[in-house]
Structures are given as structure tokens and as C-alpha cells.
Amino acid sequence: MRLELKGLTKKFGSFTADDDIDLVVEPGQIHAVLGENGAGKSTLMNMLYGILQPTSGAILIDGEPVSFSGPGDAIAAGLGMVHQHFKLVGPFSVADNVQLGREHTQGMGVLSAKAARKAVRDVSEQYGLHLDPDAVCEDLPVGVQQRVEIVKALSGPKTELLILDEPTAVLTPAEITELLQIMRNLAAAGTSILFISHKLKEVQAVADTITVIRRGKVVAELEPTASESEMASAMVGRAVSLRVDKTDAEPGEPRLEVKDLTVVSDAGVKVLDGLELTVHSGEIVGLAGVEGNGQTELARSILGLLKPDSGHISIDGRDVHGRGVARRIADGLGYIPEDRGRDGLVAEFSVAENIVLNQYRDAPYAKGGVVDAGAVHKRAVDSIAEFDIRTQSPDESASSLSGGNQQKVIIAREFSRSRRFLVAAQPTRGVDVGASQFIHSRLVAERDTGTGVLLISSELDEIYALADRIAVIYNGRIVGEVDPDTPREVIGRLMVGADLAAAEPPPAAEAETADVEASSDTEASTDEDANGGDR
Amino acid sequence: MAVKPFKLALAGISAVGLAALAACGDAPSDSNGGDNADASFTACMVTDSGGIDDKSFNESAWAGMEAAKAENDDIEVTYKESSNTDDYDPNLQSSVDDGCNFIVGVGGLMAANVTTAAQANTGVGFAIVDGTPSDAEGAPVETENVFSIQFDTAQSAFLAGYVAASQTQTGTVATWGGMQIPPVTIFMDGFAAGIEQHNTDKGTDVKLLGWDAAAQTGTFLNSFEDAAAGKSTSDTFISQGADILFPVAGPAGIGALTAAEEAGDAVNAIWVDTDGFESTDYGSKLITSAEKGLSNAVRDAVLAAYDGEAGNGTYVGTLENEGVSIAPFHDFDAAVSDETKAELEALTAAIIDGSLVVESPASPAAS
Amino acid sequence: MSDSTATTEAPAEPPAPDTEGSEPKPNFMRLFGGYLTEANSVMVTIYSLLLAFLIGAILLIVSDEFTRSTFSYFFSRPQDAWYASRDLVVESYTSLFEGAILNFNTLEAYRAGDAEFGNLLRPLSETLTYATPLIFTGLAVGLAFRAGLFNIGAQGQLIFGMMGALIVGFSLDLPIWLHLPLAIIAGAVAGGALGAVPGVLKATTGAHEVISSIMLNNIAALFLVWALGTAFLHSETKSDLVSKPVDDSATLPTLLSSLNPSLRVNLALIIGFAVAALVWWLLSKSTFGFRIRAVGFNEHAAATAGMRIGSTYTTTMTAAGALAGLGGAALALGVSSGGITTNTALDYGFSGITVALLGRANPGGIVASALLFGALKAGALSAQPDVPVDISTLLQATIVLFIAAPALVKAILHLRTPRGGLVTLEAKGW
């Protein structure tokens with residue numbers, strides 16, 4: 001099957017999620033779509049699978065334009081999808097899950113277990129997937145569950161193109177290796193594969209063609225021979241240069257000290273692995289890295305939402321172990337969460353209530369357990385003016401604001417009280433350029449008052465524009481700390497786990513010597529993690 | 001409670017279906033319905049919790065009301081249901097407001113409420129079923145207009161206990177109650193006394209499970225509806241050797257009958273309140289029943305009230321006035337020996353002439 | 001929620017000068033008409049009530065034997081069926097009204113001088129009496145809703161409150177100014193203690209409060225059965241399963257019995273209004289309410305802002321339990337002061353859920369819907385047996401069914417979708 005997308009565009013109101021996407025998947029080819037979270041990959045897949053309708057543009061299969069009003073149409077046309085989050089009925093057997101929605105019957109609606117089993121066996125033998133049709137799904141390892149999903153997708157009436165949406169996100173390294181082999185087998189057998197990912201290594205390992213999208217646009221078409229750093233810089237972009245006027249940093253005493261921080265996920269994977277990081281007063285440290293390398297866990301550990309398995313965090317010289325979130329905030333920790341809608345705002349609350357969300361108990365907003373509506377209102381009016389929040393009134397609900405203005409509400413909340421240290425995670429995600437610039441200048445102004453700032457961003461441009469020092473995170477460790485004048489290629493290589501010595505031909509700054517060694521350790525231990533990862 | 005709107009809705013829906021089928025019928029000629037629409041005397045009943053169709057207490061009393069109406073077409077009857085004790089007062093009050101001439105309160109818990117209402121409305125006649133006029137503390141109160149209807153069911157249960165003791169093969173019989181309230185425990189006391197009588201007279205050693213008359217403790221479901229709980233309780237007693245069951249629990253007692261049926265021929269039961277051979281589907285498992293003539297008593301009270309003769313009188317159903325009795329043996333007629341039947345007659349006579357007194361703490365106060 | 005939905009109607013566009021000239025100004029009638037045909041939360045509530053009464057009327061017709069019989073010859077004489085149905089529905093709803101608000105016969109008698117003013121107030125008094133426990137249980141469910149919790153346990157909490165108030169009510173010998181408040185507080189404490197359990201379990205183990213609180217209902221009901229049988233609680237004068245009466249010094253004084261002894265409404269009603277006002281104040285003015293609402297809307301953002309989610313769940317459930325416990329105290333020290341039985345609690349706790357849903361978890365709405373449900377109960381009790389007593393439960397259930405499915409009301413009546421979409425109930429506990 002040859003799949004072609006022509007000028008595919010999807011708009012949600014004024015927001016363009018996908019903008020004029022062109023893409024061709026040749027028969028038997030593995031085509032990777034590479035992009036950061038929020039780049040528009042999921043929207044693209046949902047349009048392909050009939051879950052969303054394109055605003056404009058066309059989908060062509062073997063040259064014929066098609067339109068899908070639902071997944072059923074897509075399946076009928078020969079598309080199969082493996083979702084990032086499995087859609088399996090846990091207590092059902094493999095065979096039952098595979099036949100779900102198109103059950104094998106022997107007439108009169110009586111299920112035919114034999115036919116279902118045979119179908120699973122046939123498909124899994126054909127592609128070397130090794131599945132026991134009678135195994136109960138919820139007892140299977142994640143990697144095997146994913147194979148069930150693949151068999152399910154392949155069992156469609158005439159599946160010729162398989163869409164894999166972030167298939168490796170939940171897998172262990174060993175399972176990833178296996179999956180990649182399965183993908184090669186499938187392609188060799190003639191199935192086309194559309195592979196959605198932001199993991200450069202995997203893409204490089206299996207893809208025949210790579211399309212990079214950023215902010216809803218195709219920004220590059222690459223061959224698999226392209227280097228990872230090429231891919232990384234395409235992903236995070238270099239087009240718009242965000243210039244921020246700032247003077248040199250005047251770092252003072254340490255405001256954040258992270259020592260040997262380790263966090264083990266529920267799945268048993270070390271998402272933070274002995275991370276070390278220091279941020280001083282009056283400097284912005286940019287944390288660069290491909291998403292999913294431990295940035296989220298680091299930020300949540302600093303705030304106190306996540307309890308580290310080992311290691312120490314000191315804020316403003318005090319070990320914060322055992323202190324709750326509220327206490328850390330009261331002691332001067334500012335926090336801009338990466339997921340605004342989930343962690344940043346109470347959508348149903350008014351703008352005013354959101355602005356005081358983490359100070360509602362403090363004077364002057366409350367006295368003796370009673371919220372002083374007047375004081376809250378006054379603060380909101382002031383903040384709205386100061387941060388140029390476009391809202392009808394302080395009483396309007398936060399949900400009715402645009403993304404940029406919602407982010408300004410959070411900025412206003414965090415920047416209108418005295419702070420010692422600030423974590424800013426993806427502070428300009430989904431925010432228009434004007435608001436971005438405003439937020440950037442506020443971050444620099446914040447630094448100039450002596451606050452230490454940890455900037456976590458998936459956009460290298462943002463890091464370059466703001467950071468006084470750049471730390472690169474990979475696999476839960478800081479693999480390098482470099483100056484902001486370090487070439488982009490070097491950081492790109494660090495972001496994919498290369499060691500600093502190899503990344504940076506000229507001698508590194510003396511301070512980073514230790515990190516060079518640390519990062520080479522990391523590189524060496526990456527594959528060991530694959531085996532030691534689960535407990 | 002929660003089931004009832006559903007029942008109402010279900011009745012409605014099925015009625016619509018039937019009506020649709022029958023909607024082609026001919027129109028009747030204009031005529032007045034058979035109701036006693038112009039009756040001069042209205043008798044009203046205030047139920048205990050459980051509703052008018054509880055297959056038990058309230059339903060039997062209501063049957064007596066309707067029987068009175070059937071007998072005298074100058075009597076109209078109506079009722080108010082109470083969902084709990086808090087509804088007694090407003091129901092009694094609105095019955096008064098509706099112009100009822102005679103108001104029957106069903107259940108001893110209502111005694112104080114009826115008494116208060118009677119004192120406030122001396123022009124209206126009242127009756128209490130299973131209770132006597134009393135104040136909130138339970139102390140007796142003299143009234144002019146409260147008729148008291150009580151039953152000495154210990155007497156009929158006594159005979160039932162005697163029959164059970166004569167019929168048991170295992171030497172063990174069992175009883176259990178719906179709730180530990182006087183109208184229930186009086187049956188159990190009488191039953192226990194009947195067994196004791198048999199043990200004394202005939203030198204047997206029949207044991208009773210489920211009720212200790214001396215300590216007034218025993219086995220209760222705390223429900224009059226939960227037949228499943230009744231069955232599992234009965235199963236337990238059967239496994240402990242009981243071969244005759246005496247459930248005093250209204251509809252929940254059906255559980256004992258299903259348990260007896262499952263247990264086979266060896267296990268049988270005795271019913272209460274009504275003749276279970278007629279009122280249940282398990283006639284073949286029922287040796288007899290300890291009957292309580294509630295309907296007749298209510299009917300007679302209403303008729304007496306119509307004649308202005310109710311006043312503050314008292315009716316106590318006894319073996320003597322046939323207000324209580326044991327039912328015929330039906331299928332077990334051959335099984336019960338003539339000797340036993342003769343002894344039962346002698347015991348009945350002894351109770352009637354007062355030479356034998358069956359006592360229970362729950363017995364109606366002597367009139 | 002109501003405080004956030006109707007936000008930006010007018011100022012969005014400045015009053016533009018008439019573009020066409022012929023365009024009439026948006027006069028009041030047009031705006032009002034537009035409002036009536038829109039599925040906003042007020043109109044959905046009103047239409048739900050009307051639809052419920054319509055369905056109630058249909059069920060009344062089909063469940064009445066005489067009226068049903070007129071349908072058997074519908075095609076030969078349809079007017080019989082029509083008149084019979086009309087008369088039945090009008091009479092039934094009239095007698096519900098008479099039992100709940102004002103009895104016209106009594107009014108006649110009063111005008112003629114044959115009845116006291118007190119008699120006239122009796123239906124209202126009954127309505128208020130039955131509404132009183134519902135105010136408390138409605139608040140107990142509604143408060144928890146606001147924190148995103150579904151408190152199904154109000155029934156058990158009410159039972160515990162009843163027992164707590166009862167025990168203090170009969171076992172202590174104190175002057176009324178001390179005894180009565182103490183007994184009321186005991187009810188709140190007992191209910192709060194039971195309410196705290198699902199809160200603590202959710203906060204510490206993640207156990208779902210619906211499961212734990214519904215199980216606690218059973219535990220509380222059976223505990224009451226057992227407790228009533230103990231010598232400590234059991235009545236000394238009655239052998240039925242009924243408790244000791246509370247002392248006069250712990251009995252809630254009636255408000256109007258000086259007018260007529262049958263007017264049962266007591267001080268608990270006033271306490272209920274005051275508590276509703278307090279809950280409103282707590283939710284909208286206090287920092288505690290701010291926290292409850294933030295956690296209820298978005299626990300992640302609340303946690304990120306430093307609010308402790310677990311302790312919010314615990315305190316909210318405790319407070320909710322205390323509210324239901326107050327309802328229990330209102331019963332045990334009020335209409336049931338002569339002694340409580342296993343049946344005293346009826347289904348006040350479960351009805352609290354429907355009251356809270358109809359009141360949309362707003363204290364004012366809860367009071368209003370408690371009064372409505374109290375009126376239905378009082379009306380049905382007085383209108384029986386001509387009107388089946390179950391009609392009140394049926395109407396309540398139908399009303400809430402429509403409230404819970406605004407899309408259904410919208411579809412039936414072809415209403416327009418309001419700005420901001422349909423307001424569905426925010427039972428986020430699920």
C-alpha cells in the first residue's frame with residue numbers, strides 16, 4: 001500500500017495543530033515521523049485513523065483519495081493502529097483480544113474459540129511474533145502485550161499499513177530491540193509502517209525515511225544515514241532565533257543542590273539515576289535534553305510531589321527532605337509546571353483565584369481562615385495589568401483564556417512573590433511568540449534580582465536564548481554541563497548520549513572535566529540498564 | 001422502600017399494555033359504581049411500617065377493614081401508610097382531619113400516639129392492635145375512646161409446640177424470629193412452653209433451638225422480608241439436628257419452608273399467623289399453624305364501633321373466643337396420633353377453663 | 001458551576017449601534033423567550049420538574065383502576081377517559097398540594113371561623129419537618145461533591161449521628177442550655193467519626209470512597225439493630241426494638257406548637273438553615289472552602305500549589321459526616337425523641353444524594369430541593385390512599401433522572417444548547 005498525505009491541516013479554533021503536512025509512505029517501507037511532544041504527531045495519527053477530520057488536505061491510498069469518518073473506515077481501508085496506551089481487555093485471553101470487535105463465530109453468534117486461536121497462531125507465525133493464544137493478557141509482560149496489539153492490528157481484513165504510535169515509550173530496552181526486529185520483519189513481508197517517535201536512536205535504527213515535524217509543520221525530510229544530532233536539531237528547531245537582551249550572569253551562592261538523586265518508576269526503571277546538579281543565585285541553568293529523560297521527575301522531586309528513592313535536594317542551602325510542597329513554596333520555591341492544564345491551573349476557577357492558588361492562605365489574601373476577596377481581586381487586577389493578561393475580568397474562568405494568557409496567569413502567580421529559586425518547565429509551550437518573549441524577559445529579570453532559575457525546555461532555542469549555563473540530561477543523568485556558546489551540534493550529540501569528549505573536539509572548559517568522565521560512564525552503562533532495569 | 005416506585009411503575013406499564021389491548025371494548029351504561037360512596041361511617045386504618053400489602057400484619061388488618069365494609073354498606077374504609085414511627089402522628093392527625101369516625105392503629109408501637117390522638121379528639125373512636133392505651137413512657141392511660149385489640153398467641157403457639165414435640169424424630173426442634181418484638185416473642189414463648197409440657201407429661205426430652213424463654217434470648221433475622229437469611233438460618237438449625245422449624249417472621253419465614261423442602265421428607269415446619277396450608281405454597285411441609293385471627297378481630301371492632309359499642313373496650317383473642325387457634329393438620333392428619341389429638345383437646349380445655357396458664361412476658365395485660 | 005458559567009455575556013461586544021436600523025432592540029421579552037428555550041441549568045431544572053410531574057401524571061392514570069377502566073372503551077367514548085384522567089390528575093396533584101402547603105378545606109373552615117390559624121399551618125409544618133433531615137444529608141453529600149468526592153455514606157453517618165445524640169440525650173442529666181447543644185454536637189461528632197473513615201482510607205490507601213462509604217452504611221444499619229437490643233439503649237418500658245427516649249432537656253423545642261400541638265416543626269429546621277448558610281460561607285469565603293473547591297476541580301493543580309490532597313479528603317469527609325450526623329441528631333432529638341427504631345432513619349441519607357444533585361451541590365439549592373422533597377413526602381403522606389404514597393419517591397427519582405441527563409431534556413423539548421455547553425452534574429468522585 002502506498003499512503004500519501006497532501007497538505008493535511010487540522011485547526012482547533014485559532015490553533016493550528018497540523019499545518020500543510022505532506023508525506024508519502026511507500027509500500028514495504030518504514031517511515032518515521034519524528035517530533036517533540038505537542039509537535040502535532042498525535043493529531044496527524046488521529047486524522048489518519050479517522051478519529052479526527054482534517055480541516056483541509058487529502059489522504060490518498062494507492063493514489064485514490066479516501067475519507068475516514070471513524071476508525072472502522074480506516075481499518076476497512078487496510079490501516080492498522082497500535083496505540084501508545086494499549087487497548088486490551090486485561091482479563092481476556094490473547095485470542096479473545098485479537099478478535100475483539102470482529103469475533104469469529106460459528107453462526108448464531110456463538111463464538112468459535114478454535115477459529116480465533118488459529119487466526120492468532122497464523123498471524124504470529126507468519127511474522128515471527130511468538131504468541132500463545134490462550135495466555136491472559138494482563139499477565140503478560142508489556143512487550144508481549146504490545147505484540148498482541150500488533151497481531152490485533154494485523155488481523156484486520158486486509159491490513160497493509162501499520163501505524164505505531166510511540167511504541168517504545170513503555171518498553172524496556174531489551175523489548176525495544178525485539179520490537180525493532182519485528183518491525184523489520186513486517187516491512188520485509190511487505191507491510192508499510194508509519195512509526196511515530198521522538199527517540200532518535202530507534203528511528204535511526206529502523207526507518208527508511210524520516211519526516212521531522214515541529215509546531216505542526218514538516219521541517220525536514222531525512223535519510224536514516226542522517227546523524228542523530230542532525231535529527232535532534234531539526235526536532236528542536238533552529239529557524240526562529242529568540243533574542244533576549246541580557247547581561248552576563250553574576251552567580252552567587254548555590255540555591256539548588258541536587259546530589260545523587262535517584263527515582264525508580266513504578267515499572268522498576270531508574271528514571272533519575274544519581275543525578276547531580278547545582279544552580280546558583282543569579283543564574284539561569286538550562287536543562288537540555290530529549291523529553292522523557294527524567295526532566296519531569298527532576299522537577300517534581302524538587303517541588304516535593306515525588307519522593308526520591310535516594311539522594312538529597314537542598315534549596316537555598318537547606319535540605320528539603322521531609323518538607324511538604326506548601327512549605328517549600330512558602331520558603332521561596334517558584335514552580336512553573338510543564339503541563340499547564342493538568343498541574344498549573346484550576347480551569348473552573350477564576351483568573352483571580354488561580355493567581356493566588358498557592359498563596360490563598362497567606363496574608364493579605366486571607367486572614368484567620370477567611371479569604372479576603374477584596375485583596376485577591378486587587379492582586380488580580382494588578383497582575384493582569386502587570387503581566388498583560390488578556391481577560392474580560394479577574395472573575396472570568398481560567399478555561400476561557402488562550403494558552404498564552406493562561407501561562408501568564410501562572411507566571412503572574414509565581415513572579416509576584418519573593419522567591420529564592422525557580423523551576424520553569426517548558427515555560428513557553430503552546431504560547432505564541434509575543435507571549436514567549438514576554439515570559440523570557442521576565443525570566444531574565446527574575447534572574448537579575450538574584451533568583452536561581454532552572455529552565456527545563458525541549459526547545460534548544462529557548463535554552464540558548466536564556467541559559468547562562470547548559471546542563472544536558474540523558475537517561476536520568478546530567479551527561480554534560482557546557483557554556484551557552486557551545487555549538488548546537490555538540491549539545492545535540494550530548495542529548496543523544498554521546499560523551500562530551502567525542503561531542504566537543506576542542507578542549508572543554510576545565511570545570512567540566514569531571515562530567516566528561518561521568519558521561520562516558522553513562523554511555524557505557526546504557527545497555528546494562530536494559531538488563532538491570534527491572535527489579 | 002426503594003422497590004416500591006418500581007412496582008408502581010411496573011403496574012402502570014403493564015396496565016397500559018392491557019388497556020391498549022382492551023381499548024376497543026364497549027362503553028358501559030352510566031351507573032354508579034358499587035362503592036359505598038354515600039356511607040355515613042368512615043373507618044380508617046393507620047399502618048405500621050411495611051405498607052398495606054405486607055403479606056402480614058397490615059394486610060390482615062386491612063382485610064378485616066374490608067370485611068366490615070362488605071358486611072355493612074354504610075361503612076367506608078380507607079387507610080394511611082406509615083413508613084416509620086415518625087409518620088404515626090401526622091397519619092393519625094390527617095385521618096382525624098379527613099373526618100374518620102373510627103381509626104385503627106396497627107401495631108403496639110403506635111399505642112402512645114393513638115392514646116394522645118384519642119385524648120385530643122374525644123369525638124372520634126380509636127383502636128390499637130397489639131397494644132393498650134399508654135403514655136409515651138408506656139404507663140397505662142385511662143381513655144374513653146380507645147378500643148384495644150390483643151391476641152394471646154402464646155396459647156395457640158403452646159399447642160403448636162406440643163404438636164412439634166410429639167412429632168419430632170430427632171428430639172430437636174427449632175424456632176427463630178423476624179425481630180425481637182412482643183408479637184413475635186409471644187409465639188416463641190408459647191411454643192417453648194408447649195414443648196416443655198410435652199416433656200413433662202410424656203417424659204420426653206425434646207430440645208428447642210433458637211429461643212431461651214427464661215433468658216428471653218434467641219435467634220432473630222432482624223428482618224421480616226429476607227427469606228434468604230431465613231433459609232440459611234434454618235439450614236443451620238437443620239444441620240444441628242432440628243427436624244421441625246417454627247419461623248415467626250412473616251414473609252421471611254418462607255425461607256424455613258424452602259430449607260425444609262430441600263432437606264427432604266425428614267424435616268417439616270409449623271407456620272404462624274395464618275393457616276400456611278392455604279396461604280403458602282408449601283402446604284405439604286406444614287404440620288399445622290399457630291393462627292391469629294387478626295382480620296376477624298378488626299372486622300368485629302369496626303362493626304362494633306359502627307354500632308357505638310366499641311368505646312374503651314378490650315378484645316383479647318384467646319383459644320376460648322377462637323381469636324387464636326391451631327390450624328387443621330391437613331396432610332399430617334394421619335401422622336398425628338389420636339392420642340396426641342386427644343391430649344391437645346384436653347390442653348385446650350384446660351387453658352380455656354384457666355386450670356392451665358400459658359405465660360409470656362409479652363402476653364396481653366389481663367383485661 | 002454556577003459561579004463560573006454565566007460569566008461573559010454582555011461585555012463581550014460593546015452595545016453596537018444598530019447595523020440594519022430595522023433590527024429591533026433586544027427587548028426583554030425576546031431575551032426572556034430566548035432564555036426559556038435554552039438548555040441552561042435553571043431552565044433544565046424547571047423543565048425537569050415539569051416533565052417529572054407529567055410522567056407522574058401518566059403513571060397516576062395507568063395505576064388508577066377506575067381511570068384505567070375508562071380506557072378500555074376509549075374508542076367508543078373517548079371523552080370518559082379524558083375527563084377521568086383529567087380529574088384524577090388534577091385531584092391528585094391538588095391533594096399533594098393540600099398536604100404539603102395549604103389545605104383549601106381548612107382555609108374555608110378558618111374563614112368561617114371553624115378552624116384555628118394553627119390548623120392552617122399544619123401542611124407547611126409537615127413539609128418543613130420532613131425537609132429538615134434532608135437539608136443536613138443534602139449538605140453532607142453536596143459538600144463532598146465539591147471536593148470531588150461521592151459521599152454515598154450519608155445514610156450510615158446519619159444513623160451514627162442519631163445514636164450519638166440519643167446516648168448523650170438520655171444518659172446525661174444537665175440543664176437544657178447545656179444538654180441540648182451537647183447532644184447535637186454528639187450527633188455531629190458521631191457522624192463525623194464515621195465519615196472520616198472513608199476519607200482516611202482514600203487518603204492513605206487510595207480506597208474508593210464510594211465503596212467504603214456504602215459498606216459503612218450497612219455496618220451502621222446493622223450496628224444500630226444490635227445496639228438497640230442492648231440494655232444500655234433499649235427502652236425500659238417497651239419490649240419492641242425501640243430505644244430509650246431522650247430527656248426533655250435534650251429535646252429540640254418545637255417552633256409552633258403553641259399555636260397547635262400538631263405542628264411538629266422544631267428548632268432543627270432553623271439549625272439546618274443556619275448550617276446551610278455556614279456551609280455556603282465555608283465554601284465561598286473561607287480558605288478551607290477554597291482548598292476543597294480547588295481539589296475538587298483539579299487535584300493535580302491543587303497538589304502543585306502545595307495543597308495536601310489526602311488531608312483535604314479526610315477533613316471534607318469528616319465535615320460531611322458531621323453534617324449528616326447533625327441530621328441524625330435532628331431526628332433523634334426531634335420528631336423521634338420518644339425513641340428511635342431501626343426504621344427511623346428511613347432513606348434520608350440516600351435521599352440526600354438526590355437532594356444534592358438537584359441542588360447542584362450549592363447550599364442554597366440544597367435547601368430548596370430539600371424543601372421540595374419534604375413537600376412531596378408530606379403531600380404524599382397526607383394524600384394517600386387516593387394517591388399512591390410512592391408517588392413522592394417516584395417524582396423525586398424522575399426529577400433527578402432528568403437533571404442528571406440534561407441532554408435528554410434538551411432533546412425532548414428541542415431546547416438550544418447554551419453558551420458553554422450543557423451543565424452536567426459534577427460528580428467527579430467516580
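**Cavities, domains and contacts in a predicted model**

Thirteen residues, written here as 13, line the largest cavity, and those nearest its centre are T129(C), T132(C), P133(C), L331(C) and V335(C). The structure is a predicted model, and the values below were computed from it. The space inside this largest cavity amounts to about 100 Å³. Two helices of chain C, α7 (117-146) and α14 (309-332), each provide at least two of the lining residues. The helix that gives the most is α7(C), with 4 residues. Sorted by class, the lining of the largest cavity consists of 8 nonpolar, 3 polar and 2 charged residues.

A search of the whole structure returned 5 cavities of 30 Å³ or more. The second largest cavity has a volume of about 60 Å³. Its lining is formed by residues of chain A, namely I315(A), D316(A), R318(A), V320(A), R323(A), R328(A), D331(A) and L333(A).

Chain A is divided into three parts: domain 1 (3-236), domain 2 (250-332 + 420-535) and domain 3 (339-417).

On the side of chain A, the residues E348(A), F349(A) and Y360(A) supply 26% of the area that the chain buries against chain C, which is more than any other three residues supply. Across the interface of chain A and chain C, 1 salt bridge was found. A salt bridge joins R293(C) to E353(A), with the closest N and O atoms 3.0 Å apart.

For chain B, the domain assignment gives domain 1 (38-151 + 293-324) and domain 2 (154-291 + 337-353). The C-alpha centres of these domains of chain B lie 29 Å apart. In the contact between them, 10 residues of domain 1 of chain B meet 12 residues of domain 2 of chain B. About 790 Å² of area is buried between the two domains of chain B, with 66% of this area coming from carbon and sulfur atoms. Within domain 1 of chain B, the residues that lose the most area to domain 2 of chain B are L319(B), E320(B) and V324(B), and together they account for 54% of what that side buries. The number of salt bridges found across this interface is 0.

Over all chains, the search of the whole structure found 41 salt bridges. One of the pairs lies in chain B, where the side chains of E339(B) and K202(B) meet with an N to O distance of 2.4 Å. This pair links distant parts of the chain, its two residues being 137 residues apart. E339(B) belongs to helix α11 (residues 338-353) of chain B, and K202(B) belongs to helix α6 (residues 182-202) of chain B.

Definitions and conventions:
Residues numbered from 1 in each chain as written. Chains lettered and ligands numbered in written order. Predicted model: local features only at pLDDT ≥ 70, side-chain atom pairs only at ≥ 80, totals over all residues. Heavy atoms only, no water. 1 Å grid on protein atoms, 1.4 Å probe; cavity = no way out; pocket = protein on both sides within 12 Å on 5 of 7 lines; lining within 4 Å. Points joined across faces, edges and corners; volume = space filled by probe spheres on them. Nonpolar A, V, L, I, M, F, W, Y, C, P; charged D, E, K, R; others polar. Domains from an automatic or database assignment. Contact = heavy atoms within 4.5 Å. Buried area = accessible area lost by both parts, 1.4 Å probe. Salt bridge = Lys/Arg side-chain N within 4 Å of Asp/Glu carboxyl O.
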